[in-house]
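Good morning, and thank you for making time for this item. I would like to take you through helix packing, strand pairing and salt bridges, in that order. Please keep the model open on your screens.

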Amino acid sequence: MKLLTKTNYYYLVFTSVLLLAGAVMFYIVIRHIIKEEVGEVLEHELDQYLVKAEKDSAWLTFSKPIEFEINPSQIMGPDSFRDTLITSDYNGEQIPYLQLTAYRNVRGSLYQITLRESLIESEDMLLGIFFSVLILFALLFLGLFVLNSQISRFIWKPFHQNLNSIKDFDLNQSNIPAPVQSSTDEFVELNESLQAMMFRMKKDYNSLKEFTENASHETQTPLAIIRANTDALLQSVNEEAHIDNLIKIEKAVSKLARVNQSLLLLTKIENNQFPEQDSVDILALVEQNLEEMKEYIQDLGLEVELTKEEPNPVIRINKLLANSLISNLIGNAIKHNVPGGIIKIMVSHNQLLIENTGKVFNENPEVLFERFRKGNLSTSSPGLGLSIVKNICDRYGIPIRYQIAESIHRLTLHFV
Amino acid sequence: MKILLIEDEADLAGTVCHYLQEEGNVCETASNFEEAEEKISLYEYDCLLLDITLPDGSGLDILRSYKKNNHSGGVVIISAKDSLDDKIAGLNLGADDYLPKPFHLHELNARLKSLYRRLNFDGSSYIIHRDIKIDPEPKEVFIAGKSVSLTKKEYEILLFFLQNPRRVVSKNSIAEHLWGDHMDMADSYDFIYSQIKNLRRKLNSLSEYDYLHAVYGVGYKFEKD
């Protein structure tokens, strides 16, 4: 839920409760005041009447329908106010009255005097006031709502702009986005923290990359020394046990060298160190790689089916990376195949599909794109080939999918 | 062949130089930029083996001035900076070859020999070893005068052995030589084994000599001592 919707929701609930409670309270208070007023009027009328009746006994028989009655009484009682409903003569409507019943001694005799005052006008007034207040509250709420939305849109604008630039932020590529300035303290603080965080991230990431590069680079020379000396020793050592040791060293060096080379390549792709682009015919590259591997494929007894569909896919890509991409894909299909297996390659103008028979793999095959992830733990390959493939694809925005059905592995690249 | 090895890592320089001398070359070393420049100005070499990262300068600068002064020798870059852009920069500046560290000594030797052959092209382009004759241009191989048809990889293996005929060559160095950039193929030992088996059969069925001997546990040697 959006922040604005959320605040508006709470506003609505709160204002409704307030409005309801306020209206009820208002009603009760006004009603009370009106009754008080009418009561005072009745008491005043009674006093005036009594003054007149003391002077002139004719008033003792005075009567006014509904509003005034005087009757002789046997008993004495306190003054009392009472609400009563009286049916109107001309339209039969029930009209509310306030009734004051008083007992007084007038000219030596006891009388019960009843005065009534219609509350109908006051009731109308009350309703009028009540609805006015209601409308006022409603308008207030509506106004607040509109104002709030407008202000929010205005105030949150820099926030949304910054949010968008953060969304587009790619640690690998872009620079840290400059924030849109805002006069809101909270946003300023947020911007500052985000900037600091991104800066730190970028720095950490760069030093990590640098470390990978330096570590790989600095390892090459010692590896070269080990390898050269192993080669030299292999010429002269005759003892079987020592030869075994040397061969083990040689294999380890070879593996390490390959890991290094792959890591360096990955770092360089990430560092965007291959800016040149050429138009590369993918089909030609596939055929060239297959030709290069021909004897190896034959030796393993693999069968290759190449399906071509005109026109050839020609994409803008760095030549070296394109070769790395295709040779890794084909190498992968060869290496992780089964004896007597099949490699199916389909090339069309917007797609490259490579399918090979292989081992069953029960996890999500996309994890094989991760560094050092191997489908088959027993192979000596370090598991960087597909990371390189994925990195190159990501660099050029080529969507790549890895699917495994039964024991058929399928990699699909889409060229746009 | 007179070689100048420009390499700051003494342990590597020593081993490489010793190996090259065993192969019948004259090898001198320079451990920094200054020493290299000095030796180049004083002597003429058939080939420079050049490391890019030197403590007091870049090997690329040496290459630049070497080419500017019209030296006739070849240049092979040996670099730990296995960056393809370095390779391209080096080759663009006129280097003849590029060998990333860590390299096999046999590989270095093979590269030097083919470079030497290219630089000293004297009319006969054949590679001849006892009764083996290779015409590199159409990639034709003759054993005792008879033509043999080899697969591409068999041909490459034969050439590699002819450049290191009396050396013990490990399967690993053959694999790395064959696959080059396809670094992940380098553990295809079974393939190497079957290629060499075929090659040996083809060679020895025609030749009076006995080529390609397995050396226990290690690899192969083209000729017995």
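Let me begin with a convention: a crossing is called left-handed if the near helix is turned anticlockwise from the far one by less than a right angle, and right-handed if clockwise. By that convention, α6(B) and α7(B) cross in the right-handed sense.

Before going further, some notes on provenance. This is a predicted model, in which local features need pLDDT of at least 70 and side-chain atom pairs count only at pLDDT 80 or more, while totals for chains, interfaces and linings use all residues. Residues are numbered from 1 along each chain as its sequence is written, chains are lettered from A and ligands numbered from 1 in the order in which they are written, and side-chain values use heavy atoms, with hydrogens and water left out.

First, the helices. Helices (H or I, at least four residues) and strands (E, at least two) are DSSP runs, numbered from the N terminus. Axes are lines fitted to C-alpha atoms, for helices over the stretch in contact, and angles run from 0 to 180 degrees between N-to-C directions. Helix α7 of chain B covers residues 171–179, and its axis lies 10 Å from that of α6(B), at an angle of about 125°. The two are therefore oblique to each other; angles under 35 degrees count as roughly parallel, over 145 as roughly antiparallel, 65 to 115 as roughly perpendicular and the rest as oblique.

In chain A, how do the axes of helix α1 and helix α2 cross? Helix α1 (residues 3–55) and helix α2 (residues 120–167) of chain A have axes that come within 10 Å and cross at roughly 160°. α1(A) and α2(A) are therefore roughly antiparallel to each other, and α1(A) passes α2(A) in a right-handed crossing. Their contact is made by 23 nonpolar, seven polar and two charged residues. Here Ala, Val, Leu, Ile, Met, Phe, Trp, Tyr, Cys and Pro count as nonpolar, Asp, Glu, Lys and Arg as charged, and the others, Gly among them, as polar.

Next, the strands. Two strands pair if DSSP finds at least two bridges between them. Strand β3 of chain A (residues 94–106) has ten of its 13 residues buried, where buried means under 20% relative accessible area, exposed over 50%, and partly exposed in between (1.4 Å probe, protein chains only). β3(A) runs antiparallel to strand β2 (residues 80–87) of chain A, with eight bridges, and A:I86 has A:I95 as its bridge partner. Six residues separate the strands in that hairpin, where A:G92 takes a positive phi near 70°. β3(A) is also antiparallel to strand β4 (residues 109–118) of chain A, through ten bridges. In that pairing A:Q99 stands opposite A:R116, and the hairpin has two residues between its strands, with A:R107 at a positive phi near 45°.

Chain A also holds an open sheet of five strands with mixed pairing, in the order β6-β8-β9-β11-β10. Its edge strands are β6 and β10. Within the sheet, β9(A) and β11(A) are antiparallel and joined by seven bridges, with A:E355 opposite A:R410.

Strand β8 (residues 127–129) and strand β9 (residues 132–135) of chain B run antiparallel with three bridges. β9(B) pairs with strand β10 (residues 140–143) of chain B, again in the antiparallel sense, over four bridges.

Finally, the salt bridges, each a side-chain nitrogen of Lys or Arg within 4 Å of a carboxyl oxygen of Asp or Glu.

In chain B, B:E107 and B:R111 meet at 2.9 Å, N to O. They are four residues apart in helix α5 of chain B, and are therefore separated by about one helical turn. B:E107 is buried at 9% relative accessibility, whereas B:R111 is partly exposed at 23%. B:K202 and B:E154 form a salt bridge at 2.7 Å, linking α8(B) to α6(B) across 48 residues. Both B:K202 and B:E154 are buried.
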